Each structure stands twice: as C-alpha cells, then as structure tokens.
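Hi,

Here is the structure I said I would pass on. Have a look at it first, and my notes on what turned up follow below.

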Amino acid sequence: QAYDKGLAIEPDNEECRRGKEQVVMKISETNRGEVDEEQIRHAMADPEIQQIMHDPQIKMFLQTLQENPKEAQKAMMSDSKLMDAVNKLHAAGIIRTG
C-alpha cells in the first residue's frame, strides 16, 4: 500500500514501481506449492473473499491470468484496486503461482 500511495503522488516514480513489482513477486514466491483445500474452504467462507471472487473485473482477471499471465500482470500493475484484490487472494491462498 505504501508503494500505491507513492505512485498516487508521483505516478512515474520508477522506485515505487520497482518496489511494488518486488512485493508482488515475493507474494508469488511465498504462495508456491501445493493447494491446501482446507485453506481454500476457509478463505471462501470469508465475506470479503467472496465479494472479491464475485467481482466481474476479478473474474476477467483470473481468466486472463490463466490464458496470458504476462498480460494479467501488466493489468494488475496498472490498477491499484485489482492489485489489492489479488494481494488478498494471494494471502488467502486462493491464487497460487509456481
């Protein structure tokens, strides 16, 4: 969120952009591994996660993520709402990479 705030003030700040990308990459590394069905069931019981998963923009993003990961990452980096939602899904174990 700190990088998002910095980018809101100075959208072309390369340091903030790189920092935000590094955070996303670190989250991706942390979430590699096998799917934990119990963790997913628990996450899906969370109203905030349910709301995110029912958002049409998120549904489109998840489809793009499967079909064209690079394009999905570009979309995520340019949209702070999408970035926040994806970060929450990563933290909840809904989205895993690797």
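Met60 counts as exposed, because its relative accessibility is 58% and the cut-off for exposed is over 50%. You'll find Met60 in helix 5. Its C-alpha lies 9.5 Å from that of Ala72, a residue twelve places away in sequence. Before you read on, keep in mind that this is a predicted model, so please take everything here as computed from that prediction.

Now the overall picture. If you look at contacts between residues with a separation of 6 or more, 63% of them involve residues 24 or more positions apart.

What holds the middle of my notes together is the core. The largest nonpolar core has 16 residues, and the ones with the most contacts inside it are Ile58, Phe61, Met76, Val86 and Leu89. At least two core residues come from each of helix 4 (47-53), helix 5 (56-67), helix 6 (69-77) and helix 7 (80-92). Helix 7 gives the largest share, six residues.

Setting aside neighbours within four places in sequence, Phe61 is in contact with Ala72, Met76, Leu82 and Val86.

Next, the helix pairs. Two packed helices are described by the angle between their axes and the distance between those axes.

Helix 5 with helix 7: how do they pack? The angle is about 70°, and the axes are 11 Å apart. That angle makes helix 5 roughly perpendicular to helix 7. On the helix 5 side, the contact is made by Gln57, Ile58 and Phe61; on the helix 7 side, by Lys81, Leu82, Ala85, Val86 and Leu89. Sorted by class, that contact has six nonpolar residues, one polar and one charged.

Helix 6 with helix 7: here the axes come within 6 Å and cross at roughly 115°. Helix 6 and helix 7 are therefore roughly perpendicular to each other. Ala75, Met76 and Met77 of helix 6 meet Leu82, Met83 and Val86 of helix 7. By class, this contact has six nonpolar residues, with no polar and no charged ones.

Helix 5 with helix 6: these axes also come within 6 Å, and they cross at roughly 140°. Is this pair roughly perpendicular or oblique? Helix 5 and helix 6 are oblique to each other, because roughly perpendicular covers 65 to 115 degrees and roughly antiparallel needs over 145. Helix 5 brings Phe61, Thr64, Leu65 and Glu67 to the contact, while helix 6 brings Pro69, Glu71, Ala72 and Met76. That gives five nonpolar, one polar and two charged residues.

Two more residues to look at, away from those pairs. Ala2 is found in helix 1 (residues 2-9). With 61% relative accessibility, Ala2 counts as exposed. Ala2 and Lys20 are 18 residues apart in sequence, and their C-alpha atoms are 8.7 Å apart in space.

Then there is Glu37, in helix 3 (residues 37-44). Which side of the cut-off does Glu37 fall on, exposed or partly exposed? Its relative accessibility is 49%, so Glu37 counts as partly exposed. Glu37 and Gly93 sit 56 residues apart along the chain, yet their C-alpha atoms are separated by 9.4 Å.

Cheers

Methods: Residues numbered from 1 in each chain as written. Predicted model: local features only at pLDDT ≥ 70, side-chain atom pairs only at ≥ 80, totals over all residues. Heavy atoms only, no water. Core = buried A, V, L, I, M, F, W, Y, C linked by side-chain atoms within 4.5 Å. Buried < 20%, exposed > 50% of the residue type's maximum accessible area, 1.4 Å probe, protein only. Helix = DSSP H or I, 4+ residues; strand = E, 2+ residues; numbered from the N terminus. Contact = heavy atoms within 4.5 Å. Axes fitted to C-alpha atoms, helices over the stretch in contact; angles between N-to-C directions. Parallel < 35°, antiparallel > 145°, perpendicular 65-115°, else oblique. Nonpolar A, V, L, I, M, F, W, Y, C, P; charged D, E, K, R; others polar.
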